[in-house]
Amino acid sequence: MPFYFKRGDLVETKCDAIVNASNINLKMVEGVGRAIFHKAGDKELTNACKAIGHCDVGHAVLTPSFNLTSAKAIIHAVGPIYINGKHGEEAALRKTYRSVFKIALENDFKTLAFPLLSGEFNYPLRECYEIAESEIRLFLKDHPDFRIYMVLFKNFPENLSEDEQVKLSKFVMNNFKSTVHSVEEKVTNEEFVKLVKELQAKKNISDLELALNSNLTPEDLKSFLEVKEGTPSKNEVFALAVGLKASKTELTNLLKSIKMDSLNDDMTGLVTLFYLEKGIYDIYKINRALFNYGVKPLGLL
């Protein structure tokens, strides 16, 4: 059920369908919409949209991706223009996301890349993102095999309060320690898998719950828990630590089981530890904080 919130170029994201923030006439708009049209081919995509003609607010339609080879199709979603929050904007925006998911299910798409719908239409960015995330969470609970990306080039929402950002920054600065790395010996993941399963049993966490809370698909998790040569990356260990609701000691033991004993020289690890020590195991919240530092999100991209 992975959901990734990251900086980047939406049209370069490899996925089954890219979502275009469109208008009711399905005409090219500025920003990411213009980039999608140019990449797909202005003439081809314009003609395809003209053939459909119209799409109401809260709805979405499907076209081919034409020359946009990173995706199989384009879903054109019409979010609301924000007035003052008292004209049904939230309900319309939620409906827009659900319309996209309906098209994805009907066409057997498993990976989607979104812009921040209505983010270019005057919607307050933080509210806009919170609505998006809540709808994506609801969808992924029932469809854990999907991967969903929200890719932003600009107009980044403020995801942390000022107080939380200050406390997190102080924690990182006070705990960061540079480490001289030795050559890592080749090991298997046997001890790591054993420890993960022990923590699962101890905390009564099912495989599905662990996958959900670690930003993994069930298939990702199954692969992780197979004994084999090689080891997971630190990023993957941190993701599983969140899913396991690990303490600092438990996280450290997970790292040691694959011969990685450094935690305080890793930005991702320190941000993760900040939330684990507060008893916060919301991987989306942790990934929003990592986004603010320009760091790769937890889970498998």
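This report walks through the sheet and the nonpolar cores of a predicted model.

## Ground rules

Local features here need pLDDT of at least 70 and side-chain atom pairs count only at pLDDT 80 or more, while totals for chains, interfaces and linings use all residues. Residues are numbered from 1 along each chain as its sequence is written, and side-chain values use heavy atoms, leaving out hydrogens and water.

## The sheet

Let's start with the strands (DSSP runs of E, at least two residues, numbered from the N terminus). Six of them form an open sheet in the order 1-6-5-2-4-3, with mixed pairing; two strands pair if DSSP finds at least two bridges between them. Strand 1 (3-7) and strand 3 (60-64) are at the edges with a single partner strand each, so one side of each has no neighbour in the sheet. From one strand to the next, the twist averages 25°, with axes fitted as lines to C-alpha atoms and angles running from 0 to 180 degrees between N-to-C directions.

Strand 5 (residues 111-114) and strand 6 (residues 147-152) run parallel and are joined by four bridges. In this pair, Thr111 stands opposite Arg147.

## The nonpolar cores

A nonpolar core is a set of buried (under 20% relative accessible area, 1.4 Å probe, protein chains only) Ala, Val, Leu, Ile, Met, Phe, Trp, Tyr and Cys residues joined through side-chain atoms within 4.5 Å. The largest one has 76 residues, and Phe3, Ile75 and Phe114 are among those with the most contacts inside it. Helix 4 (residues 125-142) gives the largest share of this core, seven residues.

Another core, of 20 residues, lies apart from it and includes Val11, Ile36, Val61 and Val151.

Terms used:
Buried means under 20% relative accessible area, exposed over 50%, partly exposed in between (1.4 Å probe, protein chains only).
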